[in-house]
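Please look over the sequence and the structure shown below before reading on.

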Amino acid sequence: MTKKKPSTSNKTKQGHPARSAAAGQIVSIDEFRARSTGDDVSARFMKWVRANTSLTAIGDPLPVLHEFLGHYVRLGGGADTTTLQLSPTVATLVWYLTEDSDDDLDFVLHVVMGYLLFLDDSDLWSGSDAQFEAAQEAILEIIDEQSDATFDGRVLEVPALTRKQTRDSLLALPLSGRLQSFLEWFGEKRDVTSKGVLTRKDIQGAAAALGVAAVGVNTDPTMFTAREGEPLRVTTARDVPRLDLYWEALVRIGIIELGARRATMHRPLAAATGLDREELLMHIIRDVALCLYLRFTAVDGDREAHQGTTEDLSNEDIEGIIMTSMLLDAATEDGYSVEHLETALDATAGDDQLDLMIAQMTLDLLCDEGLVLRDSHYRIPPVLKKMVAYAVAEPAGLEVNYADPLDADDPSYLGAGD
């Protein structure tokens with residue numbers, strides 16, 4: 001068995017989302033509680049949380065922080081919570097460790113670490129550098145002891161599949177049938193707009209090839225969901241979600257080449273026959289699947305590297321962080337609970353809830369293509385775990401165990417011969 005070891009850098013270490021930086025404001029527990037019903041303080045704190053962590057995918061950080069600060073004050077920390085004194089901080093953490101509490105300890109620890117960084121990044125930390133480092137070290141020590149087995153210790157198992165198993169599984173994906181239908185519909189050339197997408201006259205045919213009823217219109221587009229039996233009315237091909245996904249993926253892998261006015265289809269399958277055609281098709285399916293995973297987990301690397309304020313991460317970056325976390329869970333043995341996501345949606349509001357709603361819609365899109373399976377949990381199909389390992393797990397530092405060493409060494413490897 002071949003293993004890829006996880007990164008040990010703070011930036012990529014899983015389970016420690018609170019190690020990132022941003023901005024916020026807070027004065028004391030009483031003031032924080034008094035203001036936490038919707039004013040600038042809690043809004044800025046939650047914006048920090050959304051921009052730098054995936055905590056809202058687990059629960060609501062505000063009540064957890066309120067409870068922690070309440071215990072901190074009770075155990076000698078004083079009303080001023082712009083400094084977390086070492087002794088009462090440790091005492092509060094020990095209380096969580098020793099008391100029979102219903103709290104998710106990992107979640108509590110990461111919320112508290114996030115709060116500590118929140119104060120520091122906003123220049124509201126009122127203690128010394130030594131006090132900050134002592135508090136941070138105390139929290140991280142318990143995080144490392146309590147959370148590594150849950151987060152950093154996870155392993156993505158990529159199963160060893162034969163070539164036949166890989167072929168049968170890939171060709172059974174809804175993505176496979178739609179992809180072949182779209183390639184057949186496209187032909188050799190199609191007109192495109194100045195923005196590099198299909199013109200309105202081709203929207204209906206392209207969408208139909210992908211199993212979607214849609215038409216291109218000049219005015220009166222569908223604002224929300226088309227009525228039953230009616231096509232989606234759109235002014236641009238980008239407004240047909242499935243068509244947009246396939247188009248971007250095929251352009252990215254070079255099957256479609258964009259010109260100023262026309263798009264040309266490179267047709268690798270046209271001249272291939274038999275096993276050669278089958279193998280080419282398998283590669284294309286996996287490449288398109290990889291593009292879709294990458295599209296929804298993309299985060300601007302420059303923003304991460306130079307992070308300093310809440311404005312450094314766009315909404316798309318935040319959505320990418322959330323989807324990365326969810327797909328990593330889906331790829332590991334336990335999967336990502338459908339109920340967990342629904343509970344998180346019920347527990348959040350505003351921008352936090354919107355982010356999770358977008359994540360749920362994204363998972364629905366991936367489920368429709370067969371790239372995510374859904375029953376009580378969201379899971380990655382075994383045949384696509386290798387793609388998720390390349391796209392998400394390895395860059396995030398998660399350990400990957402390739403049951404067949406050739407999968408680790410050769411991205412194009414399709415499995416052992418039968």
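What does the accessible surface of the protein chain come to, and what percentage of it belongs to carbon and sulfur atoms? The accessible surface is about 19,400 Å², and 49% of it belongs to carbon and sulfur atoms, where areas come from the Shrake-Rupley method with a 1.4 Å probe, and for residues only the protein chains shown count as cover.

This is a predicted model, in which local features need pLDDT of at least 70 and side-chain atom pairs count only at pLDDT 80 or more, while totals for chains, interfaces and linings use all residues. Residues are numbered from 1 along each chain as its sequence is written, and side-chain values use heavy atoms, with hydrogens and water left out.

**The chain as a whole**

The protein chain has 17 helices and eleven strands, which are DSSP runs numbered from the N terminus (helices are H or I with at least four residues, strands are E with at least two). Of its 418 residues, 47% count as buried, a term for under 20% relative accessible area, with exposed meaning over 50% and partly exposed in between (1.4 Å probe, protein chains only).

**Two nonpolar cores**

A nonpolar core is a set of buried Ala, Val, Leu, Ile, Met, Phe, Trp, Tyr and Cys residues joined through side-chain atoms within 4.5 Å. The largest one has 82 residues, and those with the most contacts inside it are Phe182, Tyr293, Met326 and Leu384. Helix 11 (residues 274-297) gives the largest share of this core, ten residues. A second, separate core of 33 residues includes Trp48, Val49, Leu84 and Phe132.

Three strands form an open, antiparallel sheet in the order 8-10-9, where two strands pair if DSSP finds at least two bridges between them. Strand 8 (336-337) and strand 9 (373-374) are the edge strands, each pairing on one side only. Strand 8 pairs with strand 10 (residues 377-379) over two bridges, and Tyr336 has Tyr378 in strand 10 as its bridge partner.

**A buried lysine**

| Side-chain polar atom of | Backbone oxygen of | Distance |
|---|---|---|
| Lys386 | Pro411 | 3.5 Å |
| Lys386 | Tyr413 | 3.1 Å |

Terms used:
A polar contact is a pair of N or O atoms within 3.5 Å; within protein, one must be able to donate a hydrogen and the other to accept it, and residues adjacent in sequence count only if both atoms are side-chain atoms.
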